[in-house]
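This briefing covers side-chain contacts in a predicted model.

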Amino acid sequence: MNPPALLSGPALWWRLLVIGGLWGSSFPLLRLIAAEMSPFALAAVRGGFAALAVLAFLAASGQLKGPIRRYAIPALVLGTCNGWVPNLLTAFALGHIQAAPAALIHAGTPLLVALIAFVVLREERPGPRGLAGLLLGFGGIAVILGPDALAGGASFTGGLMIVVSGVFYALGTVYARKARIGAAPQIVLGQQVVAGLVAGGLSLPLGGVESYAQPAWVYGVLALLGVVTSALPLTMFLRLLARARVTDASMVGYIQPPFAAGVGALLLGEWPSPLVLVGGAIVLAGVWLATSRR
């Protein structure tokens, strides 16, 4: 039996928009509570809510079946590369950088994925059109991170943390495609459990139990982060990786900035400058060029 055709066109785009929109919205939500809670406790509770949401969904739908042990290594790898490490780095970074610039720096992840895929996934090396789209998107990020954006809060420390988190996301993306692990429910659940447990274990000696003493609204935001902007898009993303080229799937990083900027403006009053808007248009043009079929 021949494998199903890779996703393209509208079938690819609506998935990218939903996943990128939900993940992009997490930046302003994280920034909203970054000053209220220790990054370690924040990452732990976010992972805990996400794990509970995935567990409840799988239990209700009858998908929580089969051996768990065989998925331990993928869950550990993805729980590290796409879980507790980038969650911690992003929580730290958003104490120093605004939501829109953070998401725009993170939008460079597809370029990191392409560079890693060039070595690891030889069959998915981007062609000239794909490389042009990636470079155009990266040029849009450079425009957005001009003097105006930097003056708006894109500190070197915060920006560097976002870049490093992007490296981990890229490694996780390429690993998921290389190992062809698909979207097994046990992996999705295991990733969130690993992310929550490791961050929680670090939070006690480094932040103390008192770091969890927060008002109800903070935990409400964390529940939203864990369920709507973590568990849901993660499940969709793993399924997308099983049906799309890794460089196409990684384009969600380019989709996130407009949503981060919009939600950040409405929620935090952090309005993007005209330079940011121009750069965003260039980024989206790069997404179209890189994901359209040759």
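Phe92 is partly exposed, with a relative accessible area of 31%. Its ring pairs with that of Phe40 in an edge-to-face arrangement. Phe40 is buried at 14% relative accessible area.

**Aromatic pairs**

- The model contains two aromatic pairs.
- The ring centres of Phe40 and Phe92 are 5.5 Å apart and the ring planes stand at 85°, so this pair is classed as edge-to-face; the cut-off for that class is over 60 degrees.
- Phe40 belongs to helix α2 (residues 39-61) and Phe92 to helix α3 (residues 72-93).

**Salt bridge Arg31–Glu270**

- Two salt bridges are found in the whole structure.
- In one of them, Arg31 pairs with Glu270, with 2.6 Å between the closest N and O atoms.
- Arg31 sits in helix α1 (residues 9-34), whereas Glu270 sits in the loop between α12 (252-268) and α13 (274-291).
- The two residues are 239 apart in sequence, so the Arg31–Glu270 bridge ties together separate parts of the chain.
- Arg31 is partly exposed, at 24% relative accessible area.
- Glu270 has a relative accessibility of 14% and counts as buried, because the limit for that class is under 20%.

**Salt bridge Arg245–Asp248**

- Arg245 and Asp248 also form a salt bridge through their side chains, with an N to O distance of 2.7 Å.
- Arg245 and Asp248 are both buried.

Note on methods
Residues numbered from 1 in each chain as written. Predicted model: local features only at pLDDT ≥ 70, side-chain atom pairs only at ≥ 80, totals over all residues. Heavy atoms only, no water. Phe/Tyr/Trp six-rings, centres within 6.5 Å; stacked < 30°, edge-to-face > 60°. Helix = DSSP H or I, 4+ residues; strand = E, 2+ residues; numbered from the N terminus. Buried < 20%, exposed > 50% of the residue type's maximum accessible area, 1.4 Å probe, protein only. Salt bridge = Lys/Arg side-chain N within 4 Å of Asp/Glu carboxyl O.
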